[in-house]
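Biologist: Can you walk me through the contacts in this one? I would like to start inside one chain and then go to the chain pairs.

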There are 4 protein chains.
Amino acid sequence: MTASHCDRPIGLWLNGARGSVATTAIAGLLALRAGLTRSTGCVTDTDLLRDAPLAPWTDIVIGGHDIVDTPLEKRAESLVDSGVVPGPLLEAVRGSLAGVEADLRPGYDARNDTGTQAGAAERLAADIADFRARHDLSRVVVVNVSSTEPPAAYDPAHDELDALEAALREPGRQVLPGSSLAAYAAFQAGCGFVDFTPSTGARLPALERLAQRQGVPFAGSDGKTGETLLRTALAPMFSVRALHVLSWAGINLLGGGDGATLEDPANAKSKLSSKSGVLPAMLGHDVTAPLHIDNVPDLGDHKTAWDHVSFEGFLGVRMSMQLTWSGVDSTLAAPLVLDLARLTAAAHAAGHAGPVRQLGFFFKDPIDSDEHALAEQGRILAEWANSL
Amino acid sequence: MTASHCDRPIGLWLNGARGSVATTAIAGLLALRAGLTRSTGCVTDTDLLRDAPLAPWTDIVIGGHDIVDTPLEKRAESLVDSGVVPGPLLEAVRGSLAGVEADLRPGYDARNDTGTQAGAAERLAADIADFRARHDLSRVVVVNVSSTEPPAAYDPAHDELDALEAALREPGRQVLPGSSLAAYAAFQAGCGFVDFTPSTGARLPALERLAQRQGVPFAGSDGKTGETLLRTALAPMFSVRALHVLSWAGINLLGGGDGATLEDPANAKSKLSSKSGVLPAMLGHDVTAPLHIDNVPDLGDHKTAWDHVSFEGFLGVRMSMQLTWSGVDSTLAAPLVLDLARLTAAAHAAGHAGPVRQLGFFFKDPIDSDEHALAEQGRILAEWANSL
Amino acid sequence: MTASHCDRPIGLWLNGARGSVATTAIAGLLALRAGLTRSTGCVTDTDLLRDAPLAPWTDIVIGGHDIVDTPLEKRAESLVDSGVVPGPLLEAVRGSLAGVEADLRPGYDARNDTGTQAGAAERLAADIADFRARHDLSRVVVVNVSSTEPPAAYDPAHDELDALEAALREPGRQVLPGSSLAAYAAFQAGCGFVDFTPSTGARLPALERLAQRQGVPFAGSDGKTGETLLRTALAPMFSVRALHVLSWAGINLLGGGDGATLEDPANAKSKLSSKSGVLPAMLGHDVTAPLHIDNVPDLGDHKTAWDHVSFEGFLGVRMSMQLTWSGVDSTLAAPLVLDLARLTAAAHAAGHAGPVRQLGFFFKDPIDSDEHALAEQGRILAEWANSL
Amino acid sequence: MTASHCDRPIGLWLNGARGSVATTAIAGLLALRAGLTRSTGCVTDTDLLRDAPLAPWTDIVIGGHDIVDTPLEKRAESLVDSGVVPGPLLEAVRGSLAGVEADLRPGYDARNDTGTQAGAAERLAADIADFRARHDLSRVVVVNVSSTEPPAAYDPAHDELDALEAALREPGRQVLPGSSLAAYAAFQAGCGFVDFTPSTGARLPALERLAQRQGVPFAGSDGKTGETLLRTALAPMFSVRALHVLSWAGINLLGGGDGATLEDPANAKSKLSSKSGVLPAMLGHDVTAPLHIDNVPDLGDHKTAWDHVSFEGFLGVRMSMQLTWSGVDSTLAAPLVLDLARLTAAAHAAGHAGPVRQLGFFFKDPIDSDEHALAEQGRILAEWANSL
């Protein structure tokens with residue numbers, strides 16, 4: 001794995017670095033680097049990707065942006081309380097957290113930032129470039145794990161890079177949502193970008209153009225960690241067995257920051273929309289599919305999802321199945337964030353620019369791909385990554 | 001699909017032709033031939049196998065053996081009562097059932113057959129050959145859908161064809177269980193054989209030798225229709241995502257003839273053993289996996305299975321999922337029986353002799369294959385069948 | 001049971017007589033009268049109410065109002081198709097359906113009725129009185145099983161009987177929703193009234209006054225047949241064991257007419273409101289309780305509800321439970337409609353006027369009662385009914 | 001509550017004092033005494049029993065027997081690891097654990113005790129009497145929470161107290177299983193006895209006689225904490241609604257010491273037998289009810305139970321429901337152990353001798369009672385306890 005990996009370490013820059021997913025990824029990477037935990041949940045450590053040229057855990061450095069300033073240590077303690085990070089593990093890495101803390105910078109906050117968005121982007125890009133220089137990193141991958149935004153309103157400036165850059169320079173105009181400004185800054189700094197949320201991120205024509213021009217890869221959107229992961233493993237079973245799915249209803253119960261964010265219908269719209277394309281694509285037809293996300297504070301990061309599938313078999317006979325998924329969201333997401341940093345850095349090193357559709361395996365709403373079936377996505381990922 | 005299919009029809013000879021699965025397959029085929037139902041549940045009618053040289057539904061003729069003599073019509077009526085066959089569909093095909101009835105012959109019954117097993121096999125083979133001749137069939141596939149037997153005790157005569165044939169001629173000696181005698185007779189008659197149950201069937205070295213010598217294909221064992229189907233769709237999800245499965249417990253509730261048969265621990269042993277290899281093969285390690293099959297008469301053919309999976313993710317955090325499957329067993333099995341008849345006939349036509357491992361997609365305990373992952377099995381099946 | 005029941009038969013007048021619940025109740029009563037089915041699901045036939053003075057099945061006559069004119073026979077046939085009424089049972093009672101059909105009359109339809117509501121009520125009451133006279137019935141109970149209405153907007157005329165009657169006489173004014181006009185007509189005709197739906201029905205001060213004046217009993221609201229029934233059996237378990245419920249989330253999937261009606265948020269509001277009071281009342285505190293009702297047409301009358309309960313035990317440890325209920329709504333409701341007819345007639349005979357809180361056992365939102373615990377409701381019901 | 005409670009404290013003597021349930025009860029009581037936790041899960045602190053004359057938490061002292069000698073502190077630490085006892089709570093009571101540790105004595109171990117059982121009983125009784133004297137306790141309740149034993153083989157000496165005492169004196173004869181010897185010793189020491197397990201305990205005619213003679217109360221058997229608790233809340237729902245239960249299947253997955261103990265079919269037999277009477281008693285008829293208990297080590301104390309109920313409603317229509325219970329066994333059991341100590345001491349103080357059937361509320365297999373319905377048991381308990 002390290003044969004073709006270049007000598008200098010890589011950087012992982014987290015947009016939303018003090019959130020649950022980010023903090024879990026940080027504590028986890030520190031533990032992996034110190035050999036204190038196994039890499040359970042990390043796809044890049046499995047046989048599937050055995051020939052991919054990936055940076056070893058010890059050669060990954062983390063920094064990031066966030067708009068809040070709660071100390072990482074405090075966030076990690078609250079993750080211990082909610083059962084996401086084991087107490088003894090936090091004790092073991094507590095010392096190293098300070099090192100990461102020193103590499104965190106204030107993020108872009110649309111509500112407070114009074115200058116132009118161009119100025120903000122410049123500042124963000126400078127933070128990342130400085131991080132790269134200080135640690136002598138071969139390259140940096142920016143991963144967006146900040147709170148889900150509402151869908152962005154269409155703006156003609158999103159379509160053309162020139163128009164976008166002009167708009168960014170207009171005082172008082174906020175042409176890009178935060179996630180897209182983070183992508184813009186990443187590209188300007190010469191970094192790959194990954195959108196782990198359903199926010200707009202790099203998915204605007206003008207930003208894709210910029211990534212191509214800068215020769216940097218990007219991937220997304222919306223990490224596939226729970227109910228949708230299950231659906232992309234199961235829906236192909238119905239298709240391959242010629243069983244006709246009549247309806248597929250679902251409900252998600254979760255608390256924590258994510259639960260509160262998604263309680264706002266505007267934010268939930270992005271998530272529901274990112275989830276909704278999956279079933280018709282895999283089943284080959286539309287299907288009645290009510291889907292709910294409820295904020296249930298007592299569950300914290302422990303998400304419970306229930307799915308009910310009604311289907312028809314031979315001679316029109318009706319049958320059904322149900323699933324209950326009890327997963328810990330940050331636990332499921334954090335290792336994928338680390339995986340994506342390694343893989344996107346490898347893609348960057350191999351000269352890939354623009355969207356990397358082969359990383360669709362990780363996402364609910366894969367860029368440039370209609371393939372949602374998990375097994376097939378895994379095959380595509382492995383074929384690609386092992387020949388980088 | 002019919003381009004390369006030869007002109008004469010094929011035959012499907014059911015061992016256990018008056019059972020639930022067989023009766024559903026018979027009523028279903030009659031309905032398909034008459035254009036009265038869609039082929040939901042039939043894999044061979046999907047795009048996956050669009051280039052396979054398969055006999056059209058109208059070119060399949062059914063006959064079979066059974067040790068009971070309940071009229072097919074009566075069996076079909078009881079399947080209407082239990083919701084497996086729609087009443088109006090039975091009315092529509094009731095007339096044609098008589099045609100199939102005329103092609104059913106008494107099967108081999110170890111408890112009553114007083115001659116040698118060689119004599120019995122000769123009679124069975126003659127029934128099949130006669131069926132083939134009367135209908136001018138290009139070839140016949142024998143599918144075993146009779147009740148599950150206990151595991152066969154080892155006998156040295158199972159290893160060598162000569163020794164087996166000598167043993168078959170010994171008066172009073174029952175060297176082969178019923179399912180294996182059916183395979184022997186099928187091979188002697190120059191027919192392919194499919195074991196849809198976990199019984200021994202063709203899985204003895206001497207019988208494999210015979211199949212090779214006769215140039216006929218065989219496939220098995222134990223049709224994958226419910227809980228195990230789900231497991232082979234889901235277990236690969238855990239593997240590909242590097243999630244460590246700690247335990248996978250299951251319980252199956254079913255009534256009907258199958259429920260009663262499997263209430264006998266000797267019979268259940270075959271079924272449990274056929275199911276037990278699946279998880280370790282897919283997960284790559286042993287796993288605590290208690291598994292129960294209970295006879296719950298009121299459920300009839302409506303099988304309900306519950307699975308509980310406990311797994312570990314990043315930083316050792318424990319999570320779980322549950323599944324409830326409410327399927328109608330004969331509904332799920334019958335279209336696969338029709339699929340296997342078409343595919344085995346095509347393999348035979350293409351000159352395949354001996355075990356066809358590419359048909360592992362259909363089975364809990366695939367012959368000559370360690371591949372249990374459903375998606376990969378589907379890929380293998382399609383690649384093979386489309387190039388026959 | 002019949003000892004103290006008076007000699008003449010009683011009448012059950014269904015408002016919404018051609019709906020699923022009504023048709024099931026009609027077919028069921030005809031079958032009970034003919035001794036063709038057991039009274040499974042009928043509380044009034046159990047030991048619990050062994051001393052209540054109830055009319056025997058053979059002494060109950062059915063008539064009713066509906067705004068549609070689909071023949072009962074056709075409705076019953078569609079219930080056979082959806083598995084609510086067994087085919088052979090329909091054949092056995094098909095002849096008697098014509099008798100009930102002859103006692104059905106056009107209901108009040110706010111969209112088409114152009115006269116005053118007073119005139120409409122007079123017509124409705126006359127229909128019922130005529131039914132009572134023609135069949136020489138001792139008394140008639142009107143049960144509302146028509147589609148759920150949106151919550152009624154407050155009108156000062158709802159508070160005073162005089163004001164209400166004046167408003168009813170105003171041309172073009174629709175002061176009462178359909179369900180309340182049905183209650184008004186029932187009371188004017190001297191009949192008891194039962195609201196089996198969450199619609200407003202008799203629950204207006206002016207109507208309660210009328211019932212008292214006419215000396216007739218009424219009961220409601222919203223038959224407790226599925227998820228709520230379960231909740232009122234289970235929530236007391238948590239209370240009596242001092243386990244602290246943190247959240248109780250639920251989702252209901254159903255098709256059929258009910259699914260379509262409740263897809264309209266205005267109608268669903270009545271249902272959700274009727275369900276929402278149950279948990280706090282039983283648990284003694286507010287609880288996070290998201291609740292959804294989804295229209296899933298393929299499920300028809302087969303309602304599936306999932307509940308997830310999260311609770312805290314000793315030393316603050318978190319635990320959970322889940323429930324899946326797969327019930328057939330009309331099957332569960334119809335016998336209760338028959339029970340309520342018998343019990344309300346008995347209450348009427350015993351001289352009860354106004355709301356009968358002892359019938360709260362049957363309802364999601366019991367009139368004049370905070371008692372929701374099923375076992376306690378059963379005790380109250382039995383004590384009351386057995387001493388009528 | 002304390003009005004009529006006498007001045008001196010009471011004692012709780014745990015047989016199996018170093019097990020999970022006992023350690024949780026000990027840590028919990030210490031926390032309750034110190035006001036560090038709420039009494040969630042303790043029935044005796046609810047309004048239901050507001051008038052019962054119960055010892056306050058601060059007036060309960062714990063001691064006990066065990067055959068292992070793992071320090072309580074170590075056991076408590078392992079309960080922290082498995083999520084049964086919160087870490088901060090253990091820190092807060094760690095100091096007080098030593099006090100309880102000083103009151104633990106070696107239990108009776110049939111495999112090592114070489115003297116007569118009479119001698120062993122004398123030693124056990126002396127330990128308890130000494131505990132009572134040292135702490136100046138008004139009375140002591142012995143609660144058996146040791147591992148489940150196989151059902152005891154019948155011995156004629158179990159029927160008569162004289163014969164039993166003679167047998168106890170025979171060298172080398174083990175006429176009583178450990179749980180019954182504990183009951184015998186408790187009675188000899190003048191203490192009440194509670195059997196929280198399905199072991200034989202006090203349920204032998206000779207021991208009942210002894211309890212009567214000594215004027216001490218006893219209660220049991222087998223604390224109702226999970227699946228059976230749910231069943232006794234739900235089965236009455238089917239009865240009171242006249243729904244006919246056709247089958248009720250169940251499976252229990254658990255690890256920990258209990259899982260390992262119950263993996264031995266001999267031990268499981270006691271548990272399965274204790275659970276099996278519940279459904280027929282509540283439903284009023286026999287029912288197909290397969291039931292499994294599986295050892296799934298990774299689940300530890302987190303027990304998961306799944307129940308599937310199939311039932312018939314009006315017109316013979318079939319429906320079903322499912323339950324999944326995810327409970328922490330020791331968390332559910334420990335507060336009941338404390339409840340039973342308080343209630344049995346109060347019964348003793350009030351002069352009750354022999355079996356206390358009013359405590360059936362707490363047990364799967366209540367002594368001297370056929371009442372299993374939870375709500376009714378709660379009513380009986382409250383009526384009795386509040387008038388002590």
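**Domain and chain contacts**

Modeller: In chain A, 18 residues of domain 1 are in contact with 23 residues of domain 2, contact meaning heavy atoms within 4.5 Å. This is a predicted model, where local features need pLDDT of at least 70, side-chain atom pairs count only at pLDDT 80 or more, and totals for chains, interfaces and linings use all residues. Residues are numbered from 1 along each chain as its sequence is written, chains are lettered from A and ligands numbered from 1 in the order in which they are written, and side-chain values use heavy atoms, with hydrogens and water left out.

Biologist: Where are the bounds of domain 1 and domain 2 in chain A?

Modeller: Domain 1 of chain A takes 10–223 + 331–385, and domain 2 takes 227–328. The bounds come from an automatic or database domain assignment. Taken over C-alpha atoms, the centres of the two domains are 26 Å apart.

Biologist: How much area is buried between those two domains of chain A?

Modeller: About 1,600 Å², with carbon and sulfur atoms giving 62%. Buried area is the accessible area (1.4 Å probe) that two parts lose on being put together, summed over both. On the side of domain 1 of chain A, Thr148(A), Lys364(A) and His372(A) supply 33% of the area buried against domain 2, more than any other three residues.

Biologist: How many salt bridges cross between domain 1 and domain 2 of chain A?

Modeller: The rule finds 0 there; it asks for a side-chain nitrogen of Lys or Arg within 4 Å of a carboxyl oxygen of Asp or Glu.

Biologist: And over all chains, how many salt bridges?

Modeller: The count comes to 88. One of the pairs is Glu73(A) with Arg94(A), at 2.7 Å, N to O. Glu73(A) lies in helix α2 (residues 72–81) and Arg94(A) in helix α3 (residues 87–101) of chain A, so the pair ties together parts 21 residues apart in sequence. Helices (H or I, at least four residues) and strands (E, at least two) are DSSP runs, numbered from the N terminus.

Biologist: Switching to chain pairs. How many residues do chain D and chain C bring to their contact?

Modeller: Chain D and chain C each give 56 residues. They bury about 4,500 Å² between them, 71% of it from carbon and sulfur atoms. In chain D, Arg241(D), Phe314(D) and Leu315(D) lose the most area to chain C, together 21% of what that side buries.

Biologist: How many salt bridges are there between chain D and chain C?

Modeller: There are 2. Arg38(D) and Glu312(C) meet through their side chains in a salt bridge at 3.3 Å, N to O.

Biologist: Which element gives the most to the side of chain D that touches chain C?

Modeller: That is β10(D), with 11 residues. Strand β10 (residues 318–328) of chain C pairs with β10(D) in the antiparallel sense over 7 bridges; strands pair if DSSP finds at least two bridges between them. Within this pairing, Ser320(D) is the bridge partner of Ser326(C).

Biologist: What about chain B and chain D, how much do they bury between them?

Modeller: About 1,700 Å², 64% of it on carbon and sulfur atoms. The contact takes 22 residues from chain B and 22 from chain D.
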